[in-house]
Amino acid sequence: MDKLRKTSNIPPTTLSASISDTDTTIPLSSTVGAETSTCIDIVIDRIDAAGEKTPDKMEVVTVLISGNNGTNAVRGRTAPAMPHEQGAVVEYNISTSVLRNDLVDGLLENLTTEGKLKDKNVVLVEGGIGKVNGAICATLMKNHFNVDRLLFTGVAGGVNPDINIGDIVIGTDLVEHDFDCSAFGYELGKIPRMDEYQFKADENLRKIAMEVAIEAFGKERVWEGRIVSGDQFVASPEKIKWLRETFNGYCTEMEGAAVAHVCYIFELPFLVIRAISDKADDDAKVDYPEFVKLAAKNSKTIIEGILERI
């Protein structure tokens, strides 16, 4: 990803003066591309000025960049510390913690917006499609932005036959319908070594969402029930029948249960709200493009209403 910092973007440099095996300040001829106050691993004398490898001289040192120096040096990372002559080749290797921060920034660039909505501090995220993308999104919201509640919304296919296109489903709990360890005696959806697999939404958020949705759309168009998630776009009456009979699902989508799974682990209050864009049957691929914009608009109305009341 071009958005991410790459170590190759920082050109090699040389020592501007000789150092002993005990020096903790490493004088560098240039630090172009290495930001001040960045923790970096530098590799001294891996190669000589001609590009020939010199493994007997190589030393990895962790430094903090300050001007044209590497300060607070931790010497002898991979071999005993040793002296190095002026002009020794120095290569940069950004520490894993810095790379992780750049990775996060790269993933979130153009996908998040921070600001205020209905006088609340919010982070708005485009989560992507599928359970992995949903889980990554939820994890970053907790660990990177430290949100105190998570509202996850989007569209879904109806599973309960009484639910119609444009209706709203407020998730009471969420299950990963494609999690199958039945070969080991587990019921479908059950996750081994976990106490819970039916991830329950926050009761207070549910109550508020129901009030907002009923006021906006009428009681006959708002439902509370289980949302089932899996990495597949369901467009089959047979699959819908199975989801209803096996899990008592009200609607099906591709991310919600993974988001709920992460929130359960982090003890983060959450709510998943889905607007019905199709009936998840043979006509799903036709209905979805036509009704997805309406469904998204309905979800937006509920989110704004919740923010006004929390």
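Modeller: A residue is buried when its relative accessible area is under 20%. The model here is predicted.

Colleague: Why is Phe 199 called buried?

Modeller: Its relative accessibility is 0%. The cut-off is under 20%. Phe 199 therefore counts as buried.

Colleague: What makes Phe 199 and Tyr 264 an aromatic pair?

Modeller: Their ring centres lie 5.4 Å apart, and the rule asks for centres within 6.5 Å. So the two rings pair.

Colleague: Why is that pair of Phe 199 and Tyr 264 called tilted?

Modeller: The planes make an angle of 50°. Stacked needs under 30 degrees and edge-to-face needs over 60.

Colleague: Which parts does the pair of Phe 199 and Tyr 264 tie together?

Modeller: Phe 199 belongs to strand β11 (residues 199-200) and Tyr 264 to helix α5 (residues 256-266), so the pair links parts 65 residues apart in sequence.

Colleague: Why is Tyr 264 called partly exposed?

Modeller: Its relative accessible area is 35%.

Colleague: What makes the pair of Trp 242 and Phe 247 edge-to-face?

Modeller: The angle between their planes is 85°, and the class needs over 60. The label therefore holds. The centres are 5.4 Å apart. Trp 242 is partly exposed, at 29%, while Phe 247 is buried, at 4%. By this rule the count is two aromatic pairs.

Colleague: Why is α5 called largely enclosed by the rest of the structure?

Modeller: Eight of its 11 residues are buried, so the helix is largely enclosed. Among them are Val 259, His 261 and Cys 263. Glu 267 follows α5, with a positive phi near 55°.

Colleague: How do you know that the span of α3 is close to the expected one?

Modeller: Helix α3 (residues 203-217) has 15 residues and reaches 21 Å from its first C-alpha to its last. At 1.5 Å a residue, 21 Å is expected. Its buried residues include Leu 205, Ile 208, Val 212 and Phe 217.

Colleague: What is found at the two ends of α3?

Modeller: At the start, a side-chain oxygen of Asp 202 comes to within 3.2 Å of the backbone nitrogen of Asn 204. Just after the helix, Gly 218 has a positive phi of about 95°.

Colleague: What makes the link between Thr 62 and Asp 41 a polar contact?

Modeller: Their side chains are joined at 2.6 Å, and the limit is within 3.5 Å. The distance therefore passes. Thr 62 sits in strand β4 (residues 59-66). Beyond its neighbours within four places in sequence, Thr 62 also touches residues including Cys 39, Asn 72 and Arg 77.

Colleague: Why does Thr 62 count as buried?

Modeller: Its relative accessibility is 13%. That is under 20%, so the term applies.

Colleague: What share of the whole protein counts as buried?

Modeller: Of its 310 residues, 45%. The protein has six helices and 14 strands. Its accessible surface is about 16,000 Å², with 51% belonging to carbon and sulfur atoms. Among contacts between residues at least 6 apart in sequence, 72% join residues at least 24 apart.

Definitions and conventions
Residues are numbered from 1 along each chain as its sequence is written. This is a predicted model: local features need pLDDT of at least 70, side-chain atom pairs count only at pLDDT 80 or more; totals for chains, interfaces and linings use all residues. Side-chain values use heavy atoms; hydrogens and water are left out. Helices (H or I, at least four residues) and strands (E, at least two) are DSSP runs, numbered from the N terminus. The expected span of a helix is 1.5 Å times one less than its number of residues. Buried means under 20% relative accessible area, exposed over 50%, partly exposed in between (1.4 Å probe, protein chains only). A polar contact is a pair of N or O atoms within 3.5 Å; within protein, one must be able to donate a hydrogen and the other to accept it, and residues adjacent in sequence count only if both atoms are side-chain atoms. Contact means heavy atoms within 4.5 Å. Accessible areas come from the Shrake-Rupley method with a 1.4 Å probe; for residues, only the protein chains shown count as cover. Rings of Phe, Tyr and Trp (its six-membered ring) pair if their centres lie within 6.5 Å; planes under 30 degrees apart count as stacked, over 60 as edge-to-face and the rest as tilted.
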